[in-house]
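Take a first look at the chain shown here.

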Amino acid sequence: MRPVRMLGVLLGVAVLSVSVTACGGDDDSSTSAAAKGTIVDTKLGESGLTYFVRPDRATVEAGTVTFAVTNAGELTHEFIVYSNLDDVPPGDLPINAEEDVADLVEENIIGAAPYATPPIVPSDKKPGAADPRIPGGGWGAELTVELAAGKYILLCNLPGHYTGGKQYSAFTVE
């Protein structure tokens with residue numbers, strides 16, 4: 001009888017150990033995923049004279065949003081999340097004609113994606129210094145921001161890209 005009882009106790013301890021390990025382990029990937037909130041895969045770039053910013057969705061819930069941005073073009077671009085407090089059509093922001101860019105209000109810039117923090121690097125390249133511009137050829141960035149309900153504009157504001165290239169997209173947070 002005694003060996004059977006001892007086997008039962010050992011089996012119970014083993015099951016309890018596995019249960020505690022399964023429930024209590026640290027999983028960095030789930031913590032990281034939670035910290036990123038809603039992921040919006042976004043392509044920006046150019047095709048000939050057509051410039052684009054293409055998020056995989058136009059609407060998300062309010063809260064933490066991570067834009068996983070990839071430069072699908074060959075030129076350098078930047079990615080800016082701009083609060084559209086005045087509900088201006090995305091292509092009608094005031095223009096700084098001297099610099100050929102949208103005249104952005106600094107307080108309305110929610111975030112800009114520096115490609116080096118963290119970089120999305122093509123396998124044959126190495127990351128460079130922090131820079132708000134994303135080089136072409138598959139480079140990219142992740143930008144995590146807290147977004148309140150409202151309207152936003154996603155854009156590239158390098159000279160000529162917003163104004164002539166029409167590199168912008170409307171984005172809504174509910």
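Predicted model: local features only at pLDDT ≥ 70, side-chain atom pairs only at ≥ 80, totals over all residues.

Which residue of β14 stands opposite Y152? The answer is F171.

Five strands form an open sheet, in the order β3-β14-β13-β6-β9. Their pairing is mixed. The edges are β3, residues 59-60, and β9, residues 109-112. Each of these edge strands pairs on one side only.

Now walk across the sheet. β3 runs parallel to β14, residues 168-173, and two bridges join these strands. T59 stands opposite T172 in β14. Next, β14 meets β13. Here the pairing is antiparallel, over six bridges. This is where Y152 faces F171. On the next step, β13 pairs with β6, again in the antiparallel sense. Four bridges hold that pairing. V81 stands opposite L154 in β13.

Turn to the rings. The structure holds three aromatic pairs. In one of them, the ring centres of F67 and F79 lie 5.3 Å apart. Their planes meet at 50°, so the pair counts as tilted. The two residues come from distant parts of the chain, twelve residues apart. F67 belongs to strand β4, residues 63-71. F79 sits in the loop between β5 (77-78) and β6 (80-83). Are these two buried or exposed? F67 is buried, at 0% relative accessible area. F79 is buried too, with 0% relative accessibility. Ring pairs join F67, F79 and F171 into a cluster.

Another ring has a charged partner. The charged end of R54 sits over the ring of F52, 3.9 Å from the ring's centre.

Next comes the interior. In soluble globular proteins, nonpolar side chains tend to be buried together. In this model the largest nonpolar core has 20 residues. Those with the most contacts inside this core are F67, F79, V81, I134, L147, L154 and F171. Which elements give two or more residues to this core? They are β1 (38-47), β4, β12 (140-147), β13 (150-155) and β14. The largest share, four residues, comes from β12.

Now for the charges. Side chains of opposite charge can pair when their charged atoms come close. How many salt bridges does the structure hold? It holds three.

K36 and E142 form one, with their closest N and O atoms 3.1 Å apart. This pair links distant parts of the chain, 106 residues apart. K36 lies in helix α2, residues 28-36, and E142 in strand β12. K36 is partly exposed, at 28% relative accessible area. E142 is partly exposed as well, at 22% relative accessibility.

K151 and D87 form another, with the closest N and O atoms 3.3 Å apart. K151 is in strand β13 and D87 in the loop between β6 and β7, so the bridge ties together parts 64 residues apart in sequence. K151 counts as partly exposed, at 41% relative accessibility. D87 is partly exposed, at 46%.

R57 also forms a salt bridge, with D56. Here the closest N and O atoms are 3.4 Å apart. R57 is partly exposed, at 34% relative accessibility. D56 is partly exposed at 43%.

Finish with the backbone. D87 has a phi near 55°, a positive value in a residue other than glycine. D100 also has a positive phi, near 60°. D100 lies in the loop between β7 and β8 (101-102). With a relative accessible area of 34%, D100 is partly exposed. As for D87, the loop that holds this residue runs between β6 and β7 (95-96).

How values were computed
Residues numbered from 1 in each chain as written. Heavy atoms only, no water. Pairing = 2+ DSSP bridges. Phe/Tyr/Trp six-rings, centres within 6.5 Å; stacked < 30°, edge-to-face > 60°. Buried < 20%, exposed > 50% of the residue type's maximum accessible area, 1.4 Å probe, protein only. Lys NZ or Arg CZ within 6 Å of the ring centre and 35° of its normal. Core = buried A, V, L, I, M, F, W, Y, C linked by side-chain atoms within 4.5 Å. Salt bridge = Lys/Arg side-chain N within 4 Å of Asp/Glu carboxyl O.
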